[in-house]
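Welcome! Please take a moment to look over the sequence and the model below, and then we will walk through a few of the details together.

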Amino acid sequence: MGFEKVLFYVFAGIAVIAAAMVITRRNPVHAVLYLVLTFVTSAMLWMLLEAEFLAIVLVLVYVGAVMVLFLFVVMMLDIDVAAMRAQFVRYLPLGLLIAVIMLVEIFLVLGPDTFGLEQFAKPEAQPVDYSNTSELGMVLYTVYMYPFEIAAVILLVAIVAAIRLTLRRRPDTKYQDPSQQVRVRKGPDRVRVVKVAAEPRVVPAKAQATPAPSEAEVP
């Protein structure tokens, strides 16, 4: 067994364990962090397959942008972990049913009868100056231009939705309105003179009953 195969099995094992931790952790922040580890390990597997462009995109786009956004959203949503634990057993049968259906679908598509390596010809060796990045760029921006733009719009909608979910108005928090600050005038808006009518002073009854001491009584 060569060193490349050893790295493959190590990275594959880490990816499988991290993916299992994503769906078993009850703390959503821990689940997001394990998902980051899964993406990074998958990027290392792409590097072993000499697909450096896909590896870099997986790290920069998903780990560096999308997953960090998910992490901030999860931390700002104030998720009630106790309520999630109470409903875990309630939705466990449905979750197991969906997992079994997904496994059957994956096996039907990626099984040895439909996706065996012997059914595909061995890829031709590419020259030294061959670039995966340039070839993928040509295909991505010519053949798959519209799907690429649609994916960008979907990500934009997801970002706007995440910002809207975290935008909250609390009555006990003071906010500034820049439009009102710009329209402030120098005179009446900055200084306001308030006239208060004078009121007669009310003397308590005890003070009226007690006479003031005379000069002779003062020691």
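At roughly what angle do the axes of helix α1 and helix α2 cross? In this predicted model, the axes of α1 (residues 3–24) and α2 (residues 28–48) cross at roughly 160°, and they come within 8 Å. An angle over 145 degrees counts as roughly antiparallel, so α1 and α2 are roughly antiparallel to each other. The crossing of these two helices is left-handed.

**The whole chain**

The protein chain contains 10 helices and zero strands. Followed along the sequence, its pattern reads α-α-α-α-α-α-α-α-α-α. The protein chain has 219 residues, and buried residues make up 11% of them. Among contacts in the protein chain with a separation of 6 or more, 54% are between residues 24 or more positions apart.

**Where α1 meets α2**

Now back to the pair of helices. From α1, the residues that take part in the contact include E4, L7, F8, F11 and A12, and also I14, A15, A18, A19, M21 and V22. On the α2 side they meet A31, Y34, L35, L37, T38, T41, M44, L45 and L48. Sorted by class, the contact of α1 with α2 has 17 nonpolar residues, two polar ones and one charged one.

| Residue | Relative accessibility | Class |
|---|---|---|
| T38 | 10% | buried |
| T41 | 5% | buried |
| V29 | 23% | partly exposed |

Let us begin with T38, which sits in helix α2. Because buried means under 20% relative accessible area, T38 counts as buried at 10%. Setting aside its neighbours within four places in sequence, T38 is in contact with A15, A18, A19 and V22. With A19 there is also a polar pairing: a polar atom of the T38 side chain lies 3.4 Å from the backbone nitrogen of A19.

Next comes T41, which also has its place in helix α2. At 5% relative accessibility, T41 counts as buried.

Where does V29 come in the fold relative to L71? The two are 42 residues apart along the chain, yet their C-alpha atoms are separated by 6.5 Å.

Methods: Residues are numbered from 1 along each chain as its sequence is written. This is a predicted model: local features need pLDDT of at least 70, side-chain atom pairs count only at pLDDT 80 or more; totals for chains, interfaces and linings use all residues. Side-chain values use heavy atoms; hydrogens and water are left out. Axes are lines fitted to C-alpha atoms, for helices over the stretch in contact, and angles run from 0 to 180 degrees between N-to-C directions. Helices (H or I, at least four residues) and strands (E, at least two) are DSSP runs, numbered from the N terminus. Angles under 35 degrees count as roughly parallel, over 145 as roughly antiparallel, 65 to 115 as roughly perpendicular and the rest as oblique. A crossing is left-handed if the near helix is turned anticlockwise from the far one by less than a right angle, and right-handed if clockwise. Contact means heavy atoms within 4.5 Å. Ala, Val, Leu, Ile, Met, Phe, Trp, Tyr, Cys and Pro count as nonpolar, Asp, Glu, Lys and Arg as charged, and the others, Gly among them, as polar. Buried means under 20% relative accessible area, exposed over 50%, partly exposed in between (1.4 Å probe, protein chains only). A polar contact is a pair of N or O atoms within 3.5 Å; within protein, one must be able to donate a hydrogen and the other to accept it, and residues adjacent in sequence count only if both atoms are side-chain atoms.
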